[in-house]
Amino acid sequence: MVTPMTVRTRFAPSPTGFLHIGGLRTALFCWLYARRHAGRFILRIEDTDLERSTPEAIQQILDGLEWAGLDCDEGPFFQTKRFERYREVIEQLLAEGKAYRCYCTKEELEQMRAQQIARGEKPRYDGRWRERTDSLPGVAPVVRFKNPLTGEAVVDDVVHGRVIFQNSELDDLIIARSDGSPTYNFCVVVDDMDMQITHVIRGDDHLNNTPRQLNMLLALGATPPVYAHLPMILGADGAKLSKRHGAVSVLEYRDQGFLPEAVLNYLVRLGWSHGDQEFFTIEEMQSLFDIVDVNKSAAAFNFEKLAWLNQQHMMRAPPARLVPVLRWHLEQMGIEAADGTQLEQIVVAQRERAKTLREMAVNSAFFFRAPDAYDEKAVRKHIGAEVPALLAEAVVALERLEAWTAAAIHEVISGVAVARGVALGKLAQPLRLAVCGGTVSPPIDATLAILGKAETLSRLGRAQALWSA
């Protein structure tokens, strides 16, 4: 009986910048595919670009994946820790005649390129050291892979279908620089082979690297993985995604108040769909996602759609899920909010009025900071000569109230308004101004209930004194 192959995917970012939204989508698709098939998701940090890789970028990648909840089963592995292994494979290829040392100087290569361009040819290395066995004293050689001279490199891509590359169009790739350090495309091959990666899911900007990597894998006697190259993410204007479109650090979405599950929900729909369904839980994504359903056309990033989805997740989430996130955003504003019950009440009262948790935090700051000023325009509109007496009557009635609930508060406020023969809004807006400083808040009964009796009466007393003067 044949044992089913364990699916093994990998996310392999280069730490030369922040983890952006395109990278997170690639990680998500790799993670979802592994999770759906009870496979393994491997994290590999491709940090061979020693000049541009930074510890800060590595940490930012790890923090971004942790925030998103994309947990790896193995890793993170670092390519810089595997140089001995790469050297071992290079020596193997040299010994088997599948690679060779090239002693071309920089000047020779530049001259070769210039002559080819002058002849109208595609600039490429011409293989002049391919069959030589001598050396040039004083010149540190590079090592090149002997790419097949004839035939085809056929990539049966899950997204793009069969893509055929002529080997005659591919020159002999440098796999080790003159200082002995291995190159990106070679390290990827060795890693995918050693880590037994079964499915390489990555951006389609890597598609042109694939024939070279495929030929090296075959030369090493390895079974190539299944390739799936994802379409690009474009801005809403059709241009390449940039910072103005949303190609910022993933952690900036956290700082702007987006929920990770909403961001992942939005990203999974960029290139993949399941009927007309827009809202997905993480569990639904895991059970439904399949790489074969990914569309090969580019997807457009729409910030408004992301904000709408975020609000949908806020509306459907258990309030307790949002409490720690709201608390974190309040803390960023210098507000300590320890009462989890109060925060849960705020979430329920405010989530229809905010698209992000940051917006909710800003809108809810008045619960924790008494107003030190009142909206002047609102005061002119709502604080007439009759208001101080109206407020005084409301305060007396509220002071007598024992059960400080929204329902009981509503009954008191309505009773005062009816007794004075005024519309409810004539009392509700002055009350709102007194406790919030402005005229925007949840319903006044819910607002006062959340604020608490002592704080409500304190704020009303201050406003009374000011408006009665």
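Modeller: The crossing of H16 and H17 is right-handed. This is a predicted model, and the values here are computed from it. Helix H16 covers residues 406-420 and helix H17 covers residues 424-436. Their axes lie 8 Å apart, and the angle at which the two helices pack is about 125°. Angles of 65 to 115 degrees count as roughly perpendicular and those over 145 as roughly antiparallel, and H16 and H17 are therefore oblique to each other.

On the H16 side, the contact is made by His410, Ile413, Ser414, Val416 and Ala417. H17 contributes Leu424, Leu427 and Leu431. Sorted by class, the contact of H16 with H17 holds six nonpolar residues and two polar ones, with no charged residues.

The largest pocket is the other part to describe. The space in this pocket amounts to about 1,100 Å³, and 35 residues line it. Nearest its centre lie His20, Gly22, Gly23, Asp205 and His206. Two or more lining residues come from each of strand E1 (8-11), helix H1 (21-36), helix H5 (184-194) and strand E9 (199-203). Of these, H1 gives the most to the lining, with four residues. By class, the lining of the largest pocket has 15 nonpolar, ten polar and ten charged residues.

Methods:
Residues are numbered from 1 along each chain as its sequence is written. This is a predicted model: local features need pLDDT of at least 70, side-chain atom pairs count only at pLDDT 80 or more; totals for chains, interfaces and linings use all residues. Side-chain values use heavy atoms; hydrogens and water are left out. On a 1 Å grid over the protein atoms alone, a cavity is a set of points where a 1.4 Å probe fits but cannot get out, and a pocket is an open set with protein on both sides within 12 Å along at least five of seven lines; lining residues have an atom within 4 Å of a point. Grid points are joined across faces, edges and corners, and a volume is the space filled by probe spheres set on the points. Ala, Val, Leu, Ile, Met, Phe, Trp, Tyr, Cys and Pro count as nonpolar, Asp, Glu, Lys and Arg as charged, and the others, Gly among them, as polar. Axes are lines fitted to C-alpha atoms, for helices over the stretch in contact, and angles run from 0 to 180 degrees between N-to-C directions. Angles under 35 degrees count as roughly parallel, over 145 as roughly antiparallel, 65 to 115 as roughly perpendicular and the rest as oblique. A crossing is left-handed if the near helix is turned anticlockwise from the far one by less than a right angle, and right-handed if clockwise. Contact means heavy atoms within 4.5 Å.
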